[in-house]
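User: I am new to this structure. Please walk me through how to read its features.
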Amino acid sequence: MHKSILTFLIIISLVAIAAGSNYRPDKQYYGTGNWPSDSLGNHRIVIQVENNSDAVWAHLPWRRRDTAPDSIRTIIIDQKTETIIENKIRYTINREYGDIIFEPVSGSGKYYIYYMPYDVEGTYYPTVTYQSPSCNPEPEWLNENQLSDNSKIDLNRLPKAELIQFQSINEFNSFFPMEVIATDKEVRSLIDNNQDKDFLIFPEKREFPIRMTEEIPYRWIKKGLTSEISFQADKYEYYVFQLGIFAAYQNVENISLEFSDLVGQNGNKIEASQLTCINTRGTNWTGEELDKKVNVKKGKIQALWCGIDIPQKVKSQKYKGSVIIKADNCDAQKIKINLEISNKVLPDRGDDQPERLTRLRWLNSMLAFDDSLVPPYSPLKREENRLSCLGRKLIIGENGLPDQIKSYFAEEMTHLSDESQNILQAPFNFRVINSDNQELQWRNSRIKYTKEKDGVIAWNSRTESDEALIDLNGKLEFDGFADFKLSLIARKSCKLKDIRLEIPMKKSVAKYMMGMGEIGGYRPEKFNWKWDKSKNQDAIWLGDVNAGMQVSFRDTNYARPLNTNFYQLNPLNMPPSWYNQNRGGFEFSEKGDKLILKAYSGKRKLEKGDKLNFYFSLLITPFRTINTKKHFSNRYYHRYEALDTIKSRGANIVNVHHATKINPFINYPFLRPDMMKKYIDKAHSMDMKVKIYYTVRELTNRAPELYALRSLGSEILSDGDGGGWSWLQEHLESDYIAGWFVPRLKDAAVINSGVSRWHNYYVEGLDWLVKNVGIDGLYIDDVAFDRTTMKRVRKVLVRENPSALIDLHSANQFNPRDGYANSANLYLEHLPYIDRLWFGEYFDYTSDPDYWMIEVSGIPFGIMGEMLQDGGNPYRGMVFGMTSRMPWAGDPSALWQVWDEFGLTESDMIGYWVDHNPVQTNHEKVLATVYKREKSALIALASWAEKEAKVNLKIDWNKIGLKPDEIEIKMPRIENFQAGGKIKLSDSFTIKPEKGRIILLK
């Protein structure tokens, strides 16, 4: 090329760049800045004005992903004076660019254009509203600069501001590069030039997660189409990459991937089986194979996240292979894979570096899917049809249904008894009644046992009649969970009046109840309930403190609904069998010494071959004895603070919440593991334990895997109406449910689905935390996973740390928002694996003792708890062995001191509900629980009387094991509880309403 021509071209290019016409969204144009984002938004554009003019033109090629930028305000601020410029015209505002004319009040210099300002209302569940456009320029300025008539404005006659940089408040809020959209022209050109393909594929490395599903990022325009991807990885790493599928021409249906071996030199290779795609295949939360169907609608983009599980002993060299992308309605395409493996071995698979995204393989984990036990449970035993688990016995009839259920738990709940009590008065009965009110007559076959392990015994049976047959698969697990999958199959067409399950309970055992719209407490004589989608109700518990059962009713369409504020967004699926188009329901009534429970489904017509699945499950309670020594020894401090301070206050277990220094982001405790481990190591050196807040109900937007999870649709992250914090609206746009938000950290969570492969990730994450960080257990704030996952959680914790603890907190969910669910009933399936309850907000501690017993204490289920709401009631709490939790709404340290002086951990707890309790009062509303030692006793009294109660104690000295003339009787002084002093048992004393006493016999 001639030198003069080359010089001319260079000059022309420089002029074009200076004018901004040759702008391309490269890294140099994107940065960060510092400004008050809560008033100005998270994004701005820095421009430079060179001329002193009354009006300048700013061309802003912002390439925005938000759908309606013309409806959002732009704020221009002069850098020198930090004032808002009012004289401006939004000449053109669209997604690709904006043209704005404004008055540069300070002449030449920098100006900031904030283009997504918003307003915030609320704190932990904020509402963020983007400000509407507001332009009120002065008429004089418009007239003087010939700007009054938009149709006659010639932008080219105005001095043009220079684009300096697009800025976000930090890198985390940046749109660059994967959310900077291509222009319509660029996309049309891409589509027009590649019509020989049925769809377009854009391979991407893990460093650039595909974020948009409806827009092509400019990065793909710049890179162009390619048929290969190259990357470097380390040995023993799970290396992930993406395939972006753009359905440019038509719907792409049922995508599948076929990987080849990755072949190196000298016959070395990585087997094709080591390559997977989480979008098309996997293992679900029950351990079953998951075959996902991936469809992409025309014009949409689908990210396929793939992984290579690189062996530890693979040779360091280059490997080549391919992946074929197939679809039912499209020609297959091939992408070449070029992998270079380094000499470095990652002993932790790369899991200690979340940004590598190696943990995505955890989604398909099978960890702790086994039939082994966890303490304190014992192996199941079978003698013919008698199945025994810890403290309980289930006797199965030839039809596969329960004949009898026995409990061996003593009234005190601290030990087992040699004598049992029957829960049932007669066997379960599954009745099918035809339209003539005649009951189908069944011919029973013998029961067959199909599995016998320490942790589970399974069986099946088939029962026949002329009109139908029943296939039943049942199982009993070591914790007392019994599952019955009963299928009714029509052998001929028939009209039926009802299909129902009848359960005759012993009336004397069914003392209390909760569920199906009833608050926990004493059972009524009669009860009737109907299915209702607005209510999170499909189970009922009935029983006594030491014997009972929950029955829940389901079908094959069961999916765990959302809970805790979000139930109505994803409510319970009505089971077709039991619900039967709102004909089904549940009722009970007394008949002699029986309480007859009926789960009915109502009339229906069956055609030959029709199948109905009447699934139900039992939780036989209690699950275990209460361990008072463990309970009174473990003293919680529920706040992240200096360990010396915590220990000085008498606590020995620390619960570290999220939004703290070592655990900042909700449900993702992997970002500061070194800091967390240092804190835990110090706690262990002081004979203290540290547990962390970590659940699966919601997930921080800081999780590096977030966009990979988004690529799975609603499998892991729930669909919803969007909204919430600004980051979510700007980077996820829609189809999510906004969760908890921490203003200080700008930590914005989204809500997870009820059950999903994220549970597999969660179990693996716990295993990693126990092994690498040394956590001593979990604080769970409401449970968003099923009992199968809870069993796995318990297994991975105790296998590495036998003394690991789990405590469960719940706010009272008996309200419309949560579907009138009783927290204890809702989470009953998890309680066999929980060490302590903390049922707090909105629980009514002014209620009667039966409410305390069933809804709050946990005692009928083999667990003990603590109080939260307003600090609880310390007097009533002591009757159930409960205190408040330090330092939340109460300080039990003075009580702890009395416990230690008395030796409460070595005592036998005899609750007021025990028939042979050695201490009674003369007042039916004043209850006494005794903590008995060999030569002393502590009596906890609490009043539920409406007025001041005059109380006398009645002590059975033989039962309590003391001699009245050899003991000292006093009320120990307890700060903020009672004044101290000696008393005489012959004297009466008063207790004010909602108050109580602690009396020491020594």
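This is a predicted model: local features need pLDDT of at least 70, side-chain atom pairs count only at pLDDT 80 or more; totals for chains, interfaces and linings use all residues.

User: Where is D351 found?

Analyst: D351 lies in the loop between strand 22 (330-345) and strand 23 (381-383).

User: Which side chain makes a polar contact with the side chain of D351?

Analyst: That of R361, at 2.7 Å. Now widen the view and skip neighbours within four places in sequence. D351 is then in contact with T358, R359, R361, W362 and W768.

User: How do I read the chain as a whole?

Analyst: Begin with the elements. The chain has 18 helices and 63 strands. Then take the extent: its C-alpha trace spans about 120 × 75 × 60 Å along the principal axes. Of the 1002 residues, 58% are buried. The accessible surface comes to about 41,200 Å², and carbon and sulfur atoms account for 44% of that surface.

User: What share of the contacts between residues at least 6 apart in sequence join residues at least 24 apart?

Analyst: The share is 72%.

User: How far apart are the mean positions of the positive and negative charges?

Analyst: They are 3 Å apart, with 132 positive and 132 negative charges in the chain.

User: How do strands form a sheet?

Analyst: Strands of a sheet pair through backbone hydrogen bonds, either parallel or antiparallel. Here is a case. Six strands form an open sheet in the order 54-56-57-63-60-61, with antiparallel pairing. Its edge strands are strand 54 (908-910) and strand 61 (981-982), each of which pairs on one side only. Inside that order, two bridges join strand 60 (residues 969-971) to strand 63 (residues 996-1001). K970 stands opposite L1000 in strand 63.

User: Is strand 13 mostly covered or mostly open?

Analyst: Mostly covered. Strand 13 (residues 238-246) has nine of its nine residues buried. Look at both faces. Y238, V240, Q242, G244 and F246 point one way. Y239, F241, L243 and I245 point the other way, and these are buried too.

User: How many bridges does strand 13 form with strand 11, and how many with strand 20?

Analyst: Strand 11 (residues 200-205) pairs with strand 13 over six bridges. Strand 20 (residues 301-309) pairs with strand 13 over nine bridges. The sense is antiparallel for strand 11 and antiparallel for strand 20.

Methods. Residues are numbered from 1 along each chain as its sequence is written. Side-chain values use heavy atoms; hydrogens and water are left out. Helices (H or I, at least four residues) and strands (E, at least two) are DSSP runs, numbered from the N terminus. Buried means under 20% relative accessible area, exposed over 50%, partly exposed in between (1.4 Å probe, protein chains only). Contact means heavy atoms within 4.5 Å. Accessible areas come from the Shrake-Rupley method with a 1.4 Å probe; for residues, only the protein chains shown count as cover. Lys and Arg count as positive and Asp and Glu as negative; His and the chain ends are not counted. The place of a charge is taken as NZ of Lys, CZ of Arg, CG of Asp or CD of Glu. Two strands pair if DSSP finds at least two bridges between them. A polar contact is a pair of N or O atoms within 3.5 Å; within protein, one must be able to donate a hydrogen and the other to accept it, and residues adjacent in sequence count only if both atoms are side-chain atoms.
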